[in-house]
Structures are given as C-alpha cells and as structure tokens.
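Subject: Structure handover and notes

Dear colleague,

Here is the structure I said I would pass on. Please look it over alongside the notes that follow.

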Amino acid sequence: MNTKRILVTGGAGFLGSHLCEKLAGQGHDVVCLDNYFTGRKKNVEHLIDLHNFELLRHDITMPVYVEVDQIYNLACPASPVHYQYNAVKTIKTSVMGAINVLGLAKRVKARVLQASTSEVYGDPHEHPQKETYWGNVNPIGIRSCYDEGKRVAETLFFDYHRQNNVDIRVMRIFNTYGPRMHPNDGRVVSNFIVQALKGEDITIYGDGSQTRSFCYADDLIDGMMRLMNTGNITGPVNIGNPGEFTIKQLAEAVIELTGSKSKIIYQPLPSDDPKQRQPDITLAKEKLGWEPKVPLKDGLIKTIGYFKDNME
C-alpha cells in the first residue's frame with residue numbers, strides 16, 4: 001500500500017481520534033494536531049507509542065508548517081455547549097483554521113478535506129437535505145458562530161480550489177455518535193446516556209417530536225476516508241445516516257438499553273434549534289459506494305459500554 005504522511009487537525013477529538021487510529025492502523029504516518037479545547041489526550045494515548053504517530057499541541061488559528069500529503073481539517077468545537085462558550089474563538093477556528101490549512105495545502109501540494117456540517121443547512125425548508133440546497137441560516141443568532149463559520153470555510157475551500165488549484169474535498173457531517181464523545185458536550189446522545197446511567201431525569205428540549213439522524217462513528221470515518229481517496233470529486237458530499245428518529249424515540253431507546261429508571265422531562269426548545277435533520281446520501285452512494293451499516297441500537301450499545309467504563 002502507498003503510505004502517506006497525513007495531518008489530522010482536531011485529531012484528539014471525538015471523530016479525530018477515530019480517524020487517527022484508523023490511518024495509523026493502515027500504516028500511514030499520522031501527525032495529530034490539537035489544542036485540547038474539546039479534544040482530550042486520553043483519546044489518543046493508546047497511539048502515542050506507535051512509531052508512525054506524532055502528537056502536536058497547536059492551535060489551528062495560527063499557521064502550521066509540516067510536510068504532508070493529505071490534510072483532514074476537523075479542528076472546531078462541534079457541540080452547542082462548546083462552540084457557544086467562546087463564539088468569537090469558534091468562528092476564528094473555522095475561518096482562520098481553513099485559511100491556514102488551505103495555505104499549507106497550497107504550499108506542499110497536499111489534498112485537503114474539510115469536515116463541514118449539516119448545520120450549513122440551518123433550519124431547513126427542504127427535507128431531506130440535498131447538497132444542492134443552500135440552507136436557511138440565521139446569520140446573527142447564538143448558533144451563527146458555528147453555522148456561518150462552517151459556511152465561510154466551505155467558501156474558502158472552493159475559492160482556493162478555483163483560484164489556486166488546491167485539491168479539496170468537502171464533506172457535510174450529520175449527527176454522529178460513538179465511543180469517545182465528550183460526556184459534557186451537550187449533544188443529545190451523550191446527554192441521554194449520561195443521565196440514564198446516573199439515574200437522573202432525561203431532559204428533552206421541546207416536545208421530542210423534532211428529528212435527527214444518527215450515524216455511528218465507524219461508518220462516518222469510512223465515508224470520510226472514501227471521500228478523501230476518491231478521484232475527481234470535490235464535494236460537498238453529505239455523510240450521515242438517513243434513518244430518521246424523533247428525540248423522544250432516542251430517549252426511550254437509551255432508557256431501555258441502559259435498564260435505567262430515569263423519567264423523561266420536557267424543557268423549552270433553545271433558539272434556532274433545527275426541527276428536522278436528515279441527509280440525502282444519494283451522492284455518497286453513487287460516487288463513493290458508501291452507506292452506513294451500523295443500526296442505531298447496535299451503535300448505542302457500544303456507546304453506552306464506553307460511557308459505563310469512562311464515567312468521570
């Protein structure tokens with residue numbers, strides 16, 4: 001196999017650590033970059049002794065100088081709790097981070113993949129969401145630092161591609177879950193599992209009828225690597241699980257699988273929270289031969305097992 005030197009920004013995060021593990025396992029030289037704002041060293045500590053893994057503490061809002069063949073740009077807090085904590089820093093990470101990885105890719109002629117998000121669609125008027133949909137995003141709301149930051153990053157990727165021939169890939173990630181999620185990230189899967197394992201009430205915001213599509217981390221990483229290594233496609237490409245569940249169904253599944261005595265309680269819905277989220281993955285199927293394989297129940301069982309072993 002043709003081994004490559006690969007930079008993963010945000011490599012100690014939830015998805016980044018799974019990607020680093022997979023790439024290192026394939027024999028590639030992996031440079032994992034993280035500033036540990038939401039990433040955690042313990043996510044990659046099992047890789048540190050590998051001869052082909054390197055850990056670099058660095059903030060991607062500052063330029064980085066490394067010689068690499070491929071760059072996966074995953075650096076950005078991705079849960080509302082974390083990205084709203086310091087909104088200015090979040091938008092800097094998306095925008096200046098994109099400029100820095102694109103500048104690096106231009107200099108060293110590396111292929112660069114942007115981990116974008118379904119949040120570029122905002123609260124969608126189109127359902128399910130296709131890549132051709134331009135979105136319905138509030139530019140001045142409390143979530144805008146993330147949504148608009150990721151939209152500007154996509155703009156930068158395509159402008160660098162058109163203007164400087166940078167070899168780009170853009171993927172739009174839909175809700176993803178699995179081991180190594182941060183227990184306090186405020187995401188619905190980790191929230192429900194932590195509450196259920198502690199026997200606390202499970203908090204649903206709104207009436208629980210809003211829908212999400214949950215993709216297991218292993219499936220997501222498979223889609224990401226296929227996009228990176230498929231020729232003649234820039235994207236954007238939706239990567240997510242089209243199976244749609246209400247938040248109430250998810251809460252009930254977590255209670256059942258944990259055997260918890262938790263009760264469901266309801267709180268008001270936060271501002272700009274999307275009512276529906278479901279990817280149209282026709283493009284990923286056609287161009288990448290990709291679709292998710294792990295059913296929600298199986299993925300939840302693995303994720304619950306991780307949280308049971310790592311409750312802090």
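A cavity here is a set of points, on a 1 Å grid over the protein atoms alone, where a 1.4 Å probe fits but cannot get out. By that rule there are 2 cavities of 30 Å³ or more. Please keep in mind throughout that this is a predicted model.

Cavity and pocket

The largest cavity holds about 40 Å³ of space. Its lining is made up of Asn 73, Leu 74, Ala 75, Cys 76, Thr 93, Ser 94, Ala 98, Gln 114, Ala 115, Lys 150 and Ala 153. By class, that lining comprises 6 nonpolar, 4 polar and 1 charged residues. At least two lining residues come from each of α3 (87–108), β5 (111–117) and α4. The largest share, 3 residues, is supplied by α3.

The second largest pocket contains about 250 Å³ of space. Around this pocket are Val 120, Glu 131, Tyr 133, Trp 134, Arg 151, Glu 154, Thr 155, Phe 158, Arg 172 and Pro 236. These residues divide into 5 nonpolar, 1 polar and 4 charged. Here α4 gives the largest share of the lining, with 4 residues.

Helix α4 covers residues 144–164, and its end C-alpha atoms are 28 Å apart. Directly after α4 comes Asn 165, which has a positive phi near 60 degrees.

In helix α3 I also looked at Thr 90. Thr 90 counts as buried because its relative accessibility is 1%, and the cut-off for buried is under 20%. Leaving aside residues up to four places away in sequence, Thr 90 touches Cys 76, Pro 77, His 82, Tyr 83, Cys 145 and Tyr 146. Of these contacts, Cys 76 is also among the residues that line the largest cavity.

Aromatic pairs

The count of aromatic pairs comes to 5. One of them is Phe 37 with Tyr 85, a tilted pair with 6.1 Å from centre to centre and 35 degrees between the planes. Phe 37 sits in the loop between β2 (29–34) and β3 (53–57), and Tyr 85 sits in helix α2 (residues 80–85), so the pair ties together parts that are 48 residues apart in sequence. Tyr 85 is exposed, with a value of 66%.

Tyr 306 and Phe 307 make an edge-to-face pair, at 5.6 Å centre to centre and 80 degrees between the planes. Both Tyr 306 and Phe 307 are buried. There is also an aromatic cluster formed by Tyr 121, Tyr 133 and Phe 174.

Backbone points to check

Most residues other than glycine have a negative phi, and most peptide bonds are trans.

His 127 and Pro 128 are joined by a cis peptide bond with omega about -10 degrees. Pro 128 is located in the loop between β5 and α4. Another cis peptide bond joins Gly 235 and Pro 236, with omega about 0 degrees.

Tyr 36 is not a glycine, yet its phi is positive, at about 65 degrees. Its position is in the loop between β2 and β3. Is Tyr 36 buried or exposed? With a relative accessibility of 17%, Tyr 36 counts as buried.

Arg 180 likewise has a positive phi, near 80 degrees, in a residue other than glycine. Arg 180 is placed in the loop between β7 (176–177) and α5 (188–197). At a relative accessible area of 13%, Arg 180 is buried.

Best regards

Note on methods:
Residues are numbered from 1 along each chain as its sequence is written. This is a predicted model: local features need pLDDT of at least 70, side-chain atom pairs count only at pLDDT 80 or more; totals for chains, interfaces and linings use all residues. Side-chain values use heavy atoms; hydrogens and water are left out. The expected span of a helix is 1.5 Å times one less than its number of residues. On a 1 Å grid over the protein atoms alone, a cavity is a set of points where a 1.4 Å probe fits but cannot get out, and a pocket is an open set with protein on both sides within 12 Å along at least five of seven lines; lining residues have an atom within 4 Å of a point. Grid points are joined across faces, edges and corners, and a volume is the space filled by probe spheres set on the points. Ala, Val, Leu, Ile, Met, Phe, Trp, Tyr, Cys and Pro count as nonpolar, Asp, Glu, Lys and Arg as charged, and the others, Gly among them, as polar. Rings of Phe, Tyr and Trp (its six-membered ring) pair if their centres lie within 6.5 Å; planes under 30 degrees apart count as stacked, over 60 as edge-to-face and the rest as tilted. Buried means under 20% relative accessible area, exposed over 50%, partly exposed in between (1.4 Å probe, protein chains only). Contact means heavy atoms within 4.5 Å.
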